[in-house]
Amino acid sequence: MTEAAQKSLVQVEHLKVRFVSRDMDVSVVNDVSFNLERGEALCLLGESGSGKTVTLRSLIRLFPRTARIGGRIHIDGIDVLNLPERRLRQVRGSLVSMIFQEPMTALDPVFTVGEQIAETIVYHEDVSQADAMKRALELMELVQVPSAKRRLNAYPHELSGGLRQRAMIALALACRPKLLLADEPTTALDATVQIQILLLLRELQRELQMATIFVTHDLGVACEVADRIAVMYAGRFVETGTAVDVMTSPSHPYTEGLLHSTVHAGRRGQRLDPIPGSPPDLTDLPAGCAFSPRCTYVQDICLAAPPEFRTRRQDHWVRCVRQPELANSEAPSLANGP
Amino acid sequence: MAVYILRRVIYTIPIAIGVSIVCFLLIHIAPGDPLSAVMPEGASAAIIAQIREAYGFDRPLPVQYLKWLGHVVTGDFGMSITTRRPVLGEVLPAVANTMILASTAVLFGFVTGCVLGIIAGYTAGSLTDRAVTAVAVTGVSIPHYWLGMVLVVIFAVNLGVLPATGMGSGGSGNFALDWASLRSLILPAITLSVIPAGIIARSVRATIAEVRKHEFVQTLYAKGLPGSRVFVHVVKNAMPTVLAIMGLQLAQLLGGSILVETVFAWPGTGFLMNSAIFNRDLPILQGTILTLAMFFIVINLLVDIAQTAFDPRIKRS
């Protein structure tokens, strides 16, 4: 391991997650490795079922009992996968915290927002309920909730979707985490509210120097918030690089397909090209590249074995055998739109 | 909150009036002439008319109802046909006896039901869950008078450790809090608690398993809370549903069980109604049913109010 990697806040090596029960055994994440620096924002991009949420949840082992995790995860020097339950609880909500997709269902409906924020603080830091409530109020102000004092005593159903998600963010920030995990934080919100929440998250992330991992299937969100992007397909990273590199020169046919099938201003007036076929069945993956059945450039070699990562340029990696060829032709991209 | 409670209390008034009308009409709906029990054998038409007039049966029904209601409101439920004593004096001790039995059965049944339900809800889908569900279904399905007789055969007849029937040393008038009286309470209370225990176990299991699937439970674990604290959240969410079921069961138990009280000769409302039915003692029947119906209404009211203490969303609707 290099010196630089050791300083990273998050190091994930060869992460594998399987869900095992009596009638199934599915590998959901296959050999995922990445590093995340302090204050950096990484976006995991992919369709539903690509393993992005599971990868995210691995970082705090938030899994049902049927999950089997392999590999190594270090966060701030802590070996997460070998942590006893007790120590793991100290990490959750404090060093690492999480925002969920649906703020209506992710908050307990029968406790006030303030109680829920204060609860986290009381559990992690030895403070009184009154002090914790004071902190909760500051947090509600930090996430720009108007009339924060009144909202603190509101129940989740009394708040709008946007305010609920702000409360959820306040809850996640309660113990000043070094790493924030956000699982599709804007998917359940109106388009206008989405932008506000994204801007807030980016602002807070910079202000608090907090590393963040976003999970999304929305390229717009990925562009907006990420320093780096990792595209996932069938439980693997198929392309990683800086947000600019991945967006301007997508090198995996799947990333390319995602860009072509997304609405954005640069492609006004052109037809959208959906990726043919449907996401793979994780219980029955092809022997070679998992994307091969849907890939328009498929060759014989793709069907033999899953391709290894190839370097496109510094810090831009692609799992595709066509890599050398693609490197020479400039792929269509957001920036090159007419 | 006060406004909500007041509104709920006001809502109960039309219900209470409706119930009283049904109770009043019982006498007229019941097959046969309500006066047949007091009518002398082979009475002449003139005497029949005279008796009808004495009892007020010659007046139109609404007038009869209002007169009856006026008496009932002042606590006058009429006279028992068999004992010739005021109905209230018969009903109240029976209600008290049933309450002693019911509250003990509630204690057994609710505790057992909740414990089993929580275990099953937390292990949903496992072997433990299936075992608990099997026990609960068996509990609900066994006829309780049969279970009562079996328990009597085992513990009173064969082992001789518990009394078979009766209320112990104090007799039917006043239940004494001594060992002999408590011993006589054990078998009927257990018998009576089995069905509510089964019903509550099943509904607690379903509610807990359902609440645990909600996403907020993931949030609670992601916050770093220990399982015991998450449990508090799960229980508070499950409470309104479970309370509603408990309220129904409690009201049902307070109604007394004709079968169980008869098997154990427990002088409660069930026992009283049983003898009233056989003696065609309609005033007693009417008085008991009316009293029990009022209990139902009050308990439902209390459950409604208690639910809001657990779930803030209920108040709004």
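## Exercises on a predicted two-chain model

B:Lys223 and A:Glu119 form a salt bridge, with their closest N and O atoms 2.9 Å apart. The model is predicted.

**Exercise 1.** Which helix gives the most to the side of chain B that touches chain A?

*Solution.* 
- List the helices that each supply at least two residues: α8 (215-222), α9 (227-254) and α13 (313-316) of chain B.
- Pick the top one: α8(B), with 7 residues.
- Sort that side of chain B by class: 8 nonpolar, 5 polar and 8 charged residues.

**Exercise 2.** How much area is buried between chain B and chain A?

*Solution.* 
- The area is about 2,300 Å², and carbon and sulfur atoms give 57% of it.
- On chain B, the trio B:Glu215, B:Ala222 and B:Lys223 supplies 26% of what that chain buries against chain A, more than any other three residues.

**Exercise 3.** Which strands stand at the edges of the open sheet in chain A, and why is one side of each left without a neighbour?

*Solution.* 
- Write the order of the 8 strands: β6-β7-β8-β3-β9-β10-β12-β11, with mixed pairing.
- Read the edges: β6 (96-99) and β11 (310-313) of chain A each have a single partner strand, so one side of each lacks a neighbour in the sheet.
- Note the twist: it averages 20° from one strand to the next.

Conventions: Residues numbered from 1 in each chain as written. Chains lettered and ligands numbered in written order. Predicted model: local features only at pLDDT ≥ 70, side-chain atom pairs only at ≥ 80, totals over all residues. Heavy atoms only, no water. Pairing = 2+ DSSP bridges. Helix = DSSP H or I, 4+ residues; strand = E, 2+ residues; numbered from the N terminus. Axes fitted to C-alpha atoms, helices over the stretch in contact; angles between N-to-C directions. Buried area = accessible area lost by both parts, 1.4 Å probe. Salt bridge = Lys/Arg side-chain N within 4 Å of Asp/Glu carboxyl O. Nonpolar A, V, L, I, M, F, W, Y, C, P; charged D, E, K, R; others polar.
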